[in-house]
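Colleague: I have the file open. Can you walk me through chain by chain contacts and the record's annotations?

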Amino acid sequence: MTETPGFRWFRRITLTVLTVFTVMPLYVLVVTSVKPLENVRGLFTWVPDRITFQPYVDMWSTIPLARYLTNSLIVTITATILALIVAVLAAYPLARLRFRGKRLFSMTVLSTQMFPGILFLLPLFLMFVQGEELLGIQLTGSYFGLIITYLTFALPFSIWMLAGYFQAIPEGLEEAAMIDGTSRIGALVRIILPVARPGILAVAVFAFITAWGEVLFASVLTDTETRTLSIGLKLYTSQTDTLWNELLAASLTISLPVIVAFMLVQRHLVSGLSAGAVK
Amino acid sequence: MSTTEEPRSRAAEEDPPGAAGPASGPRRRRLRRQGVLLPYGMVLPAAVLELLIHIIPMILGIYIAFTSLTQLTIRNWTSAPFVGVENFVRGLDPSGALGSDLFQSLFRTAVYTALVVGLSWVLGMAAAVSLNTKFRGRGVLRTLFLVPYALPVYVAAIIWAFMFNHRDGMINRLLVQDLGLLDDRPFWLIGENAFWVLVVVSVWRLWPFAFLMLLAALQSIPEDMYEAAAIDGASTWKRFTGITMPMVRPANAVVLLVMGLWTFNEFNIPFLLFGDTSPDSARLISPLIYEHSFVNWNFGLGAAMSVLLLVALIIASAVYVRMVLPKGSSND
């Protein structure tokens with residue numbers, strides 16, 4: 001495409017403005033996390049008075065960060081794996097098989113995506129309380145309740161994206177295997193899943209990010225033992241003060257793995273979202 | 001759009017809708033018959049979970065909207081007194097305190113949604129158009145722009161809350177000390193300014209999503225369309241309005257709908273910036289419902305307001321889908 005000087009100026013200005021807008025908070029995040037506490041209080045300084053990695057040491061003892069991290073990892077990883085299994089199973093018939101109620105199912109699942117979380121937070125909490133009395137399983141304040149909630153949150157988009165990926169795979173592949181006597185499920189596991197691996201990875205990261213960043217339900221469904229990072233980080237703030245350097249050091253630490261994972265799969269995420277979008 | 005037609009037409013060839021069954025050999029027929037229950041078995045786990053975690057709670061929520069459930073009756077919530085439409089009457093009466101609060105909040109949320117989605121779209125489109133050309137450093141910028149979206153939302157909110165801090169924050173340092181635009185350090189997270197803080201933080205989080213999706217749409221436009229237009233002497237702006245915009249229309253329709261719904265329901269950012277109770281200027285609808293339910297312990301009222309919100313969203317989405325989404329992709 002031919003570039004006019006006007007377009008070059010437009011591009012230069014756009015990218016400069018957006019870079020500054022994007023980088024400023026990230027700069028504050030990084031620079032504050034290596035400042036000593038007395039340098040964080042009072043007038044903000046662009047450059048640290050001195051650089052210290054003490055916040056990265058102290059953050060573990062100020063609050064039980066390791067426990068919150070473990071809780072988040074347990075809940076998020078379990079929910080992600082289960083969501084993948086359930087979504088693969090549901091997406092395959094949507095992409096390949098004909099059955100009554102298919103359209104109803106896919107429309108219902110997708111429309112749950114637009115429900116405001118606040119609408120079913122309380123009813124779900126009440127159902128969990130009731131379920132505890134009936135079944136004797138602890139659902140509030142336990143990993144279990146949080147896991148099935150997050151697993152379900154990730155489902156609509158995961159099913160949508162996976163169905164898009166599966167549709168893009170030529171049907172001849174598994175038909176050949178089935179004529180050789182493999183069952184549908186066998187063909188799915190041995191033929192389709194390996195081919196769809198990039199898409200599955202992207203869906204896994206999407207489910208992980210959804211659960212890792214959830215705040216609203218974590219605030220109601222966890223207790224002091226099972227609290228996840230999204231709620232636990234608040235404890236760096238006391239009645240009178242916030243330990244900003246430790247808080248931002250902890251924030252940076254728990255964000256890095258997610259950002260790296262996202263960057264690795266973002267191409268597949270986009271193709272999946274748009275494949276689902278035009279379906 | 002070609003990707004949508006392909007699988008469907010292939011399926012149609014194989015299995016014409018008029019025929020009682022596929023006429024393609026006994027083996028295949030046997031496979032089909034064995035598999036009648038298979039699809040149901042495969043979607044069952046997803047269906048059960050959706051039912052348990054989404055559908056039943058929603059129906060229960062509608063029921064709660066007709067009861068006077070409070071902190072007194074919460075332990076034994078099934079026996080909370082049924083009060084009919086009282087919650088709706090009290091909550092929605094525009095002349096009452098609750099109702100006027102609610103309608104103000106709905107209006108505020110609509111303005112907030114229009115601003116956040118509009119700005120995010122403009123930034124995302126400008127970045128996508130810029131990065132859809134070849135120059136040095138393109139890959140780095142592309143990755144950088146996605147960071148705010150990949151960041152957990154609570155981390156984004158924590159950083160911005162620190163930046164907008166009255167005493168220690170970067171924004172006040174920049175505006176007062178460095179640029180000298182203001183004489184006194186303003187408060188950002190309380191009072192009238194809080195609304196604008198909310199808009200800025202939300203745009204920062206959301207625009208990379210628009211960028212990501214629009215860039216993917218732009219990359220699927222064939223290069224020679226632009227070259228042909230350039231030979232015809234079309235200006236850059238003409239090419240944008242004449243080729244780019246029509247070509248990204250399907251992607252646009254989905255992106256705007258998804259971003260609109262997310263933004264209208266936004267809870268995390270105000271909750272993380274302001275806590276349990278948002279300042280009046282920035283009280284969006286989801287935090288308002290949270291406040292009625294979990295701060296004032298009036299669950300029935302909160303549920304009634306949620307039902308109203310849901311109905312509003314369904315109507316808005318239905319109208320949107322009818323008007324904007326291209327006919328071919330919305331249904332078959």
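This is a predicted model: local features need pLDDT of at least 70, side-chain atom pairs count only at pLDDT 80 or more; totals for chains, interfaces and linings use all residues.

Modeller: The unreviewed UniProt entry places the feature "transmembrane region" at residues 37-66, 110-131, 143-163, 194-218, 253-274 and 294-321 of chain B.

Colleague: How much of residues 110-131 of chain B is helix or strand?

Modeller: That span is 100% helix and 0% strand, with its end C-alpha atoms 31 Å apart. Residues 194-218 of chain B are also 100% helix and 0% strand, and there the end C-alpha atoms lie 36 Å apart.

Colleague: Where does UniProt put the "ABC transmembrane type-1" domain?

Modeller: The unreviewed entry puts that domain at residues 106-320 of chain B. The span is 75% helix and 0% strand, and its end C-alpha atoms are 18 Å apart.

Colleague: And how is chain B divided into domains?

Modeller: Domain 1 covers 39-84 and domain 2 covers 94-323. Their C-alpha centres lie 31 Å apart. The contact between them takes 10 residues from domain 1 of chain B and 8 residues from domain 2 of chain B. On the domain 1 side, 5 residues are nonpolar, 5 are polar and none is charged.

Colleague: Switching topic: how many residues of chain B are in contact with chain A?

Modeller: 85 residues of chain B, which meet 81 residues of chain A.

Colleague: Which helix of chain B gives the most to that side?

Modeller: Helix α3 (residues 38-64) of chain B, with 18 residues.

Colleague: What classes do the residues on that side divide into?

Modeller: The side of chain B that touches chain A has 60 nonpolar, 19 polar and 6 charged residues.

How values were computed
Residues are numbered from 1 along each chain as its sequence is written. Chains are lettered from A and ligands numbered from 1 in the order in which they are written. Two residues are in contact if their C-beta atoms, placed from the backbone, lie within 7 Å. Helices (H or I, at least four residues) and strands (E, at least two) are DSSP runs, numbered from the N terminus. Ala, Val, Leu, Ile, Met, Phe, Trp, Tyr, Cys and Pro count as nonpolar, Asp, Glu, Lys and Arg as charged, and the others, Gly among them, as polar. UniProt positions are given in the numbering used here, feature names are shortened, and annotations may be inferred rather than shown by experiment. Domain bounds come from an automatic or database domain assignment.
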